[in-house]
Amino acid sequence: LPRKREPVAASMAPVPKPAPAARSFQFEGESWVQFYAPDGSTLEKGLMKAGDRREFAAGQLGRAVVGNVSDVQVQHAGQPVDMTPWLKSNVARFAVSSDGSPVDATK
């Protein structure tokens, strides 16, 4: 016996794009990093290699130390972030505010 064919409904609604990570780090060269949660616990420490990438959702990252920052692309909500205000001797030290933007780590 042939099976009855069921109609198929297709939606023309656009598929929502996933939101970009609140903070992302793309490594173009070797860099050592220290990533901390807002409660001060260590998320990750170590040496990153060219091609490595780390992403953090909103509220996940509290503070970061990034060495050799000239070889790291930092983005916030998909937009490049200028690390100059937090740069000293090619090391960026910054905290992350509640909205995800970088702020002075000493405050």
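Val65 belongs to strand S5, which covers residues 63–67. The model described here is predicted. Because its relative accessible area is 6%, and buried means under 20%, Val65 counts as buried.

Which residues does Val65 touch, once neighbours within four places in sequence are set aside? Its contacts are Trp32, Val33, Gln34, Val91, Ala92 and Arg93. Leu87 lies 22 residues from Val65 along the chain, and the C-alpha atoms of the two are 9.9 Å apart.

## The nonpolar core

The largest nonpolar core holds 18 residues. Those touching the most other members are Phe25, Phe27, Phe35, Val66, Val72, Met83 and Phe94. At least two core residues come from each of these strands: S1 (23–27), S2 (31–36), S5, S6 and S9 (91–96). Strand S9 contributes the most, with 3 residues.

As general background, nonpolar side chains tend to be buried together in soluble globular proteins.

## The open sheet

Four strands form an open sheet in the order S4-S1-S6-S7, and their pairing is antiparallel. Which strands stand at the edges? They are S4 (53–56) and S7 (79–80). Each has a single partner strand, so one side of each has no neighbour in the sheet.

Strand S6 spans residues 72–76 and pairs with S7 over 2 bridges, in the antiparallel sense. Across from Gln75 stands Pro80, a residue of S7.

Key:
Residues numbered from 1 in each chain as written. Predicted model: local features only at pLDDT ≥ 70, side-chain atom pairs only at ≥ 80, totals over all residues. Heavy atoms only, no water. Buried < 20%, exposed > 50% of the residue type's maximum accessible area, 1.4 Å probe, protein only. Contact = heavy atoms within 4.5 Å. Pairing = 2+ DSSP bridges. Core = buried A, V, L, I, M, F, W, Y, C linked by side-chain atoms within 4.5 Å.
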